[in-house]
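Work through the exercises below with the model open. Try each task before reading its solution.

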Amino acid sequence: MVEFGQFALCVAWLLSVLGVVGGAWLGKGDRNISSRVESLRRATILVATTLFLALFSLGYSFVTNDYAVQYVWQYSNRDMPWIYKITAIWGGMDGSMLLWCFLVSAFSACVAIRSRSYPRALVPWLFSFLNSSTLFFTSITLFLTNPFRYLKSPIAMPDGNGLNPLLQNEYMAIHPPTLYLGFTGLAVPYAFCMAALASGQMSNDWIRLTRRWTLIGWTFLTAGIVLGGHWAYLELGWGGFWAWDPVENASFLPWLSATAFLHSVMIQERKGMLKVWNVSLITLTYALTVFGTFLTRSGIVQSVHAFASTDIGWTFLAYLSLIVIVAVGLSVYRRRELRPERAIESLFSREAVFLLNNLVLLSICFSVLWGVMFPVFSEAVTGEKKTVGIPFFNAVNVPLFLALVMLMGIGPSVAWKRSSPRQLLRTFALPFLGALVVALALVLAGIVEFYPVLAYALCFFGLMTIIGEVSRGLGAQRSITHAPTWAPSNIATLWRRQRVKYGAHIIHFGVLVMTVSITASMAHKIEREFTLAPGQRFNVGRFSLELNEFHEERAPNYDSVQAHVSLRSLTDEKVLQVLAPEMRFYRKNKETTTEVALRMGQREDVYLVLAGIDESGSKASMKVFINPLQVWLWYGAIVLVIGGVVVAVPMPRSSNATISAREGAAHSI
Amino acid sequence: MTFGIIASLALSLLVAWLLISPLLDTGGRSGPAPSGYGEAAALLDAKERSLRAIKDLELDFSMGKLSQDDFDRSKEALSLELLSILDRVKKTGGADESA
């Protein structure tokens, strides 16, 4: 099966070469014959099919314990549950690269399947650029990180090394693939953009298509980042979900630039402005996904999430340079078509607010990038590796994020083209007063720190503007439906007519909920360390913790000890839950991990970690975190992803379906 | 090993057939695709944008985001712009746009 996997990988590589070269060759108009393009379309779909077969072969080797294969031996053992044998496929660098290849080719195949309705002149170039992404990653997998290599050992290995215990978690099944879907999905907008520049097919069509594909990648990336945060929260045992770790930041960087693009592309679609800006943002987004991969796999920065240091970093740097050179070259070549059709007329317009939003998002992006690369720069300049920590990221980004929350409230409520200051005053007077009341109420309640008060007030401001937008939309709709403002029929009609717009409000609402939760966890978190013997109690917040007993267990691949702790409410002494924080000792890896015990609540999470047991085995050292409103972070993220899906799913009268017809119309004007 | 060889052979044949078969089918062959972004397509985009801008303007006005003065002024400017585009469309009408 391994030989077949290796063969399938080789076929995929050859097909992607065909896709790149064939696409560029057919890109010239007189060679763009439909039968040839159809052959290329099939080649693009076949790349995904063959890479799936390669991935399946590797999975088969894991499930059948084929330890003759070096990668299987390195990341699996016989005692591991079968689910972790599957997830071990992407547990190391080689397999994760193969998964990456498959996902990028799967996106390309999805585009190829839908490509019959795309502008014909665009399609060959589209295949060429899509396959170039696949070709790069397939080349690395085939020539540098091949997971099908045999172990160089004269004797058959009876068992493997096993997967890192931290990765033996159910989130391993979903977090990396979702994150990779986000990264690889963002290769599609880049391909569309470059294909449009190369073919000269610069109509609004490619912008519409690019926006949809960016939304798909963006939604996956959002889900992947949040799942990663949830995993870190449950598994790493430090009581938080985001530590501004270089690898976390690597996933956040393209998210920021993609978010900026999703806003600025609306201006290009409507006003024909910011064309070069949008090409730059798409290129930056794709370059940052490749940069993130480089960061994780080159060993250039230290992170708990990074793969071992390797020597493939230079290939990523070379590819990064190529991405930028191609984008700059094509932009210069098409500079005439990229000229803006008009300028921003007023600072009091939605265009101006969106542009400001872009600047803030890119400022955050730059500050995060600076923080990530600072150790590298400092070492290059001073010879000493200096790192910047959480305080730097918080100090720079908290005010920028709050500015973003404010712009999020302002942007959708301002008219396109221009608004008069008087009109703006009318629109924002009530939300502003509401925010002021919230701020005053919080100060009176004893919350006097500047940033938390500002954050809660701005979130309320944002909420009021969303409610105002929905209410005004329903009011305007009444003239058509003649139904009362908040009648279900009125709401349904508005939803049908402007689903994308209100989908964006759902996303904004999710962001507001997450902001409230993040503010609460940053400002009001309680953290305590203590030691208990059975029968002893410790009070924290409005809870009491009582250690009952220790409990030992033997699982197939680890031994564990649990501390059973009764969580009581201090007000009525009622036992709310028996928490069981755990320490595990993985026999094969000889590693100890902690498993957090968690009581999730709408008001707060009680997060208990068993830090150690004394030598006599009678006392437990524990850490407890009271994380206020933590669960709302996950609720907000769910709302955000739902909003992303709502916006990304095509409207019943899809723009794609009309493109071919439109293309015909253009040529018959 | 034997399975691997048979599966690889089958995969090769399947890939080759799927790639070559469209090239052998001469029945549905169409001519080369028009390339580039010609004046006609640009005008169509401009017309679409202009119509959308008027629609957005009316929506913003119905939602109370614009004063009557702003609405009248902007609508007049956009209508003139649309008329100018339509005029250019008329002048280009019927011309074979392939560049």
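**Exercise 1.** Describe how helix 2 and helix 6 of chain A pack.

Step 1: the geometry. The axes of helix 2 (residues 34–63) and helix 6 (residues 123–143) of chain A come within 10 Å and cross at roughly 25 degrees. Helix 2 of chain A is therefore roughly parallel to helix 6 of chain A (angles under 35 degrees count as roughly parallel).

Step 2: the hand. The crossing of these two helices is left-handed (the near helix is turned anticlockwise from the far one by less than a right angle).

Step 3: the contacts (C-beta atoms, placed from the backbone, within 7 Å). Helix 2 of chain A contributes Val37(A), Leu40(A), Arg41(A), Thr44(A) and Val47(A). They meet Val123(A), Pro124(A), Phe127(A), Leu130(A), Asn131(A) and Thr134(A) of helix 6 of chain A. By class, seven of the contact residues are nonpolar, three polar and one charged.

This is a predicted model, where local features need pLDDT of at least 70. Residues are numbered from 1 along each chain, and chains are lettered from A in the order in which they are written.

**Exercise 2.** Where is Trp244(A), and what is its phi?

Step 1: Trp244(A) lies in the loop between helix 9 (204–235) and helix 10 (246–271) of chain A.

Step 2: Its phi is near 55 degrees, a positive value in a residue other than glycine.

**Exercise 3.** Is Leu274(A) buried or exposed?

Step 1: Leu274(A) sits in the loop between helix 10 and helix 11 (275–298) of chain A.

Step 2: Leu274(A) has 23 other C-beta atoms within 10 Å, so Leu274(A) is buried (20 or more are required).

Note on methods:
This is a predicted model: local features need pLDDT of at least 70, side-chain atom pairs count only at pLDDT 80 or more; totals for chains, interfaces and linings use all residues. Axes are lines fitted to C-alpha atoms, for helices over the stretch in contact, and angles run from 0 to 180 degrees between N-to-C directions. Helices (H or I, at least four residues) and strands (E, at least two) are DSSP runs, numbered from the N terminus. Angles under 35 degrees count as roughly parallel, over 145 as roughly antiparallel, 65 to 115 as roughly perpendicular and the rest as oblique. Two residues are in contact if their C-beta atoms, placed from the backbone, lie within 7 Å. Ala, Val, Leu, Ile, Met, Phe, Trp, Tyr, Cys and Pro count as nonpolar, Asp, Glu, Lys and Arg as charged, and the others, Gly among them, as polar. A residue is buried if 20 or more other C-beta atoms lie within 10 Å of its own, exposed if 12 or fewer, and partly exposed in between; C-beta atoms are placed from the backbone.
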